[in-house]
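Here are my notes on this model. Please read them beside the coordinates.

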Amino acid sequence: MCYCIILLLKHIFKNSFELSWKLMKDYLEAQEFIVKSPRKTIKQAYQIGLIDNGHIWIDALSDRNLTVHTYDEKLAEKIVKDIVQIYYPEIEKLYDKLIKEL
């Protein structure tokens, strides 16, 4: 895979993940939960059923942190594979669930 595409996908994922966890945080705060960090937000969102796969979101958080500082092409390719096959579908599920509540 072209390294420039890997970089682009990593950047899109980083931004999408940031928006997703902050959206979960806002949702939880509207429900009167107090959450301060991405990890606590994900755990609480899982506990109330906002997301189905808390462990995948925690893995995504770890990979989001890695993408900022990873320059290893093989690791970057693995993360991109996970983004496409695992993380993006979870972000899409969150979106679909919240859209139904509007």
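Which residues does Ser20 touch, not counting residues up to four places away in sequence?

1. Ser20 touches Trp57, Ile91 and Leu94, with residues up to four places away in sequence not counted. Contact means heavy atoms within 4.5 Å. Ser20 sits in helix α1 (residues 3-30). Ser20 is buried, at 7% relative accessible area. The classes are buried under 20%, exposed over 50% and partly exposed in between, with a 1.4 Å probe and protein chains only.

2. On provenance: this is a predicted model, where local features need pLDDT of at least 70, side-chain atom pairs count only at pLDDT 80 or more, and totals for chains, interfaces and linings use all residues. Residues are numbered from 1 along each chain as its sequence is written, and side-chain values use heavy atoms, leaving out hydrogens and water.

3. The protein chain has four helices and zero strands. These are DSSP runs numbered from the N terminus: helices are H or I of at least four residues, strands E of at least two. Of its 102 residues, 39% count as buried. The C-alpha trace spans about 45 × 25 × 20 Å along its principal axes.

4. Now the α2 and α3 pair. The axes of α2 (residues 38-47) and α3 (residues 54-69) come within 9 Å and cross at roughly 165°. Axes are lines fitted to C-alpha atoms over the stretch in contact, with angles from 0 to 180 degrees between N-to-C directions. Pro38, Arg39, Ile42 and Tyr46 in α2 meet Gly54, Trp57, Ile58 and Leu61 in α3.
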